[in-house]
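Please look through the model shown below before reading on.

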Amino acid sequence: MKKTFFFTCLFCALFGFSQQKPPLFIGHRGGLLPNIPENSLMAFQNCIDEEVAMIETDVQLSKDGKMVLFHDASLLRMTGVSKKLKNCTLKELQKLSLGAEQQIPTLEAALSLLASDKIQLLLDIKAGPELDYSELYKLLERYHMKSRVYIGVRSLKDLQICKSLDAKVKVLGFVPGPESIENFVTNHADAIRLWPNWLEEHPTLISNLVNKNIPIWMTVGALSTTGIKAWVQQGVHGFIHDTPKKAATEYTMSFK
């Protein structure tokens, strides 16, 4: 992290990138907060209540092909059950507890909750090749959420499928590595997610994307305002953050 911060400061000095828009703070799994289970309807409602701009959540498929929201491949960390999510039916999954009287939600339940608000949604697709994107799009359309969603994909094939179904749907490239960025940009990804440590070996990643007017997002944990400002100065706009409301408030207050 020391090297990353050094490069951050160096680029600010050399290139002087400025950010025209305020940064977008995105609730990582709905926010990682005490007593509120991640990727739960309670977490999403908390984001609505706190007027968070966007929620990030993870889409997987149950054994019977239902779209559910859960981060890990294994159920163990969140439910205490030593099984893989993909080996359980929706009925079996909804018998499990996330704590705080919360169950693993379906994507449809989350869309129903969010539809009446203005909040945006980033869907990190962890479902694999079995996911039918046409069914996902129908579900988004049913809740009038299609224009407020970014689809986060890790493969070029998934990006191409998303854009072929509807070129207007926004797609974030969760690129597997720096070497994949150019292909994602060429195939019309609307934004690219970078990991901060990639900049240590590839110091021109941000400047290359800024020069192409490609929005840059980062997953940053609970990064402080100082760190966020340094990335914003370079040209990073979106921050998938563990505590988005706190981060947004402290960022705004830092200018007063």
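## Asp-117 and its surroundings

Leaving aside its neighbours within four places in sequence, Asp-117 is in contact with Ile-48 and Arg-148, where contact means heavy atoms within 4.5 Å. This is a predicted model, in which local features need pLDDT of at least 70 and side-chain atom pairs count only at pLDDT 80 or more, while totals for chains, interfaces and linings use all residues. Residues are numbered from 1 along each chain as its sequence is written, and side-chain values use heavy atoms, with hydrogens and water left out.

Asp-117 sits in the loop between helix H5 (107-114) and strand S4 (120-125); here helices (H or I, at least four residues) and strands (E, at least two) are DSSP runs, numbered from the N terminus. Because its relative accessibility is 26%, Asp-117 counts as partly exposed, on a scale where buried means under 20% relative accessible area, exposed means over 50% and partly exposed lies in between (1.4 Å probe, protein chains only). Asp-117 and Asp-49 are 68 residues apart along the chain, and their C-alpha atoms are separated by 10.0 Å.

Leu-41 is found in helix H2, which covers residues 41-49. If residues up to four places away in sequence are not counted, Leu-41 touches Gln-102, Pro-105, Ala-109, Ala-110 and Leu-113. The C-alpha atoms of Leu-41 and Gln-103 are separated by 8.3 Å, although the two residues are 62 residues apart along the chain. With a relative accessible area of 30%, Leu-41 is partly exposed.

Ser-112 lies in helix H5, and with a relative accessible area of 44% Ser-112 is partly exposed. Between Ser-112 and Arg-142 there are 9.5 Å in space, C-alpha to C-alpha, and the two are 30 residues apart in sequence.

## Two loop residues with positive phi

Which residue has a positive phi of about 55° although it is not a glycine? Asn-39 has this value, and Asn-39 lies in the loop between strand S1 (24-28) and H2. His-144 also has a positive phi of about 55° although it is not a glycine, and His-144 lies in the loop between helix H6 (133-142) and strand S5 (149-153).

Are these residues buried or exposed? At 1% relative accessibility, Asn-39 counts as buried, whereas His-144, with a relative accessible area of 64%, is exposed.

## Helix H11

Thr-225 lies in helix H11, made up of residues 225-234, and Thr-226 lies in helix H11 as well. Thr-225 counts as buried because its relative accessibility is 15%, while Thr-226 is exposed, with a relative accessible area of 55%.

Not counting residues up to four places away in sequence, Thr-225 touches Glu-250, Tyr-251 and Ser-254. For Thr-226, the C-alpha atom is separated by 8.5 Å from that of Tyr-251, and these two residues are 25 residues apart along the chain.

## The second largest pocket

About 240 Å³ of space lies in the second largest pocket. Of the 13 residues that line this pocket, the closest to its centre are Gln-60, Leu-61, Lys-86, Lys-126 and Ala-127. On a 1 Å grid over the protein atoms alone, a pocket is an open set of points where a 1.4 Å probe fits, with protein on both sides within 12 Å along at least five of seven lines, and lining residues have an atom within 4 Å of a point. The volume is the space filled by probe spheres set on the points, which are joined across faces, edges and corners.

By class, the lining of the second largest pocket has four nonpolar, four polar and five charged residues. In this scheme Ala, Val, Leu, Ile, Met, Phe, Trp, Tyr, Cys and Pro count as nonpolar, Asp, Glu, Lys and Arg as charged, and the others, Gly among them, as polar.

## The chain as a whole

The protein chain has 12 helices and nine strands, and along its principal axes the C-alpha trace spans about 55 × 40 × 35 Å. The radius of gyration of the protein chain is 18 Å, which agrees with the value near 18 Å that a compact globule of 256 residues would have; this radius is taken over C-alpha atoms, and the globule rule is 2.2 Å times the number of residues to the power 0.38.

Of the 256 residues of the protein chain, 52% count as buried. Among the contacts in the protein chain with a separation of 6 or more, 60% come from residues 24 or more positions apart. The protein chain exposes about 12400 Å², of which carbon and sulfur atoms supply 54%, with accessible areas taken from the Shrake-Rupley method with a 1.4 Å probe; for residues, only the protein chains shown count as cover.
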